[in-house]
Amino acid sequence: MEKQKQSDLDRDKQYCELCGKMENLLKCGRCLTSFYCSREHQKQHWKEHKLICKDAEKTQVPKQQPEQAQPPVEDKAQDKAPDKCPKKKSSEQANTASEPSQPTNTGSPRLGDRPGEDGSNNTATPNGQTSASPQKLALEYIVPCMNKHGICVVDNFLGVETGLGILKDVKALHKTGKFRDGQLVSQKSDSTRDIRGDKIAWIEGKEAGCEKILFLMNRTDDLIRHCNGKLGNYTINGRTKAMVACYPGNGTGYVRHVDNPNGDGRCVTCIYYLNKDWNAKEHGGLLRIFPEGKATFADIEPKFDRLLLFWSDRRNPHEVQPAFATRYAITVWYFDADERARAKEKYSTGAGEK
C-alpha cells in the first residue's frame, strides 16, 4: 500500500517540462529527472533544460530504460559536463553570522546561509548559478523556508551570464521610454509620487527584445510549479505579467505597504534583482519587510541575480528605502485559484472597490 501511495505521488510530479501534459511521458535519458510528452517538445526545451541537465547527470547513475528520450545533439564542447566549483561563502555570507546580531533585524533566510541547511552542496556552475535543479530547489529549500518564515531568498539564481542578458534587455527597454510612473493598488489621491518613486513597464514576454525576461519568467514558473500544493494552503493557477521596475537613483523609494491588502488573489510575490556591485551603505535601496506579529524586520539587499519570494498579503508589509543609484527589479505575482475566483466574482457584481 505504501509503495502504491509513493508511486502515485511520484507520478503526480511528472509532467512535460514544456507544456505540462501528464500522459504518455518520456524521461530525459541524461538526467532521468525531467519528462516530455514528445521528442519535439524536448528539442524545443533543450536550450533551457541543458543548464540543469548537466548537474543532475553528475548525481545520477545512468540507466537504460526502454522509454527514454535522449538529449538533442549539441556541440560536444557545450555538452561536456562542467566541473564543480569549490564550495565557498559569498561575501554576504562571510559578513553574516548564523544568527542575527541585532534583535531588531531578522536578517533573511537564504540559500546557503548555513552550509548543508538546504540539503544540497550549494555548489555553483561555471556560469555562477546555483546547481540545484528547480525541483530540488523548490521542494528542499523554498517550500520549507516559505512555510516557516514567509520569506525566502535565493542567491545566484540564474548565473552571471544569464543575469547580464536579462539586465541588457531591461536597460534596452528602459531606453525606449515605455516606463511609466508606478501606480497604487487602490489610488484615491494624486499623491502617488510621494508614496512610490519607481518607473515601471508591464511585460508579457512576447515583446521584441524581451527574450531574456521571458526566460526568467519561465524559470520562476518552473519553481512555482514544483512548489504548487505545498506553499501554505494555496493552489496556484496563474500569475501576473512581469513588472519591470526602475528606481532612478534620486533618493526615491516606496513607503511601507502591502502588495495584496484586499484579497485580489495574489499569494506569492516573486522579485528578481539586477543590480551589479550593489552596496546598501552607499546606494541604499533596501527592501525592508516587517513580518506580521513580530517585533523584527528583514532587510533584503537588491543584489544582482538574487531571487526573493514572500507572501503577498498582510503578513508581509514592506518598504523600499530611498535608492541613490539606479535600481532594477522584475516582479511577478502568483495567484491562488480560490481567492482569485472570489475576487473576480466580487468585482463583477460591483461589490469591489472601483
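What follows is a conversation about how labels are assigned in this structure, which is a predicted model.

Trainee: What makes Asp277 exposed, whereas Asn156 counts as partly exposed?

Mentor: Asp277 has a relative accessibility of 70%, and since exposed means over 50%, Asp277 counts as exposed. Asn156 stands at 39%, which falls between the 20% and 50% limits, so Asn156 counts as partly exposed.

Trainee: Where do these two residues lie, Asn156 and Asp277?

Mentor: Asn156 is found in the loop between β4 (151-154) and α6 (160-175), and Asp277 in the loop between β10 (266-273) and α9 (280-283). Asn156 has a positive phi of about 55 degrees although it is not a glycine, and a positive phi of about 55 degrees is also given for Asp277, again not a glycine.

Trainee: Why is the contact of Lys199 and Asp181 called a salt bridge?

Mentor: The N to O distance between these side chains is 2.5 Å, and because the rule asks for a side-chain nitrogen of Lys or Arg within 4 Å of a carboxyl oxygen of Asp or Glu, the pair qualifies as a salt bridge. Lys199 belongs to strand β6 (residues 199-203) and Asp181 to strand β5 (residues 180-181), so the pair ties together parts that are 18 residues apart in sequence. Lys199 is partly exposed at 31% relative accessibility, and Asp181 is partly exposed with 23%. By this rule the count comes to 10 salt bridges.

Trainee: Are Asp299 and Arg288, which also meet in a salt bridge, buried or exposed?

Mentor: Asp299 and Arg288 are both buried, a label that requires a relative accessible area under 20%. Their N to O distance is 2.7 Å, and because Asp299 lies in strand β12 while Arg288 lies in strand β11 (residues 287-289), the pair ties together parts that are 11 residues apart in sequence. Arg266 and Asp264 form another salt bridge, with the closest N and O atoms 3.0 Å apart, and both of these residues are buried.

Trainee: How do you know that β9 and β14 pair, and what order do the strands of their sheet follow?

Mentor: β9 and strand β14 (residues 318-320) share 2 bridges in the antiparallel sense, and because at least two bridges are needed for a pair, the strands pair. One of the contacts involves Tyr254, whose bridge partner in β14 is Val320. The open sheet has 4 strands in the order β9-β14-β11-β12, with antiparallel pairing. β9 (254-257) and β12 (298-300) stand at its edges, each with a single partner strand, so one side of each has no neighbour in the sheet. From one strand to the next, the twist averages 15 degrees.

How values were computed
Residues are numbered from 1 along each chain as its sequence is written. This is a predicted model: local features need pLDDT of at least 70, side-chain atom pairs count only at pLDDT 80 or more; totals for chains, interfaces and linings use all residues. Side-chain values use heavy atoms; hydrogens and water are left out. Axes are lines fitted to C-alpha atoms, for helices over the stretch in contact, and angles run from 0 to 180 degrees between N-to-C directions. Buried means under 20% relative accessible area, exposed over 50%, partly exposed in between (1.4 Å probe, protein chains only).
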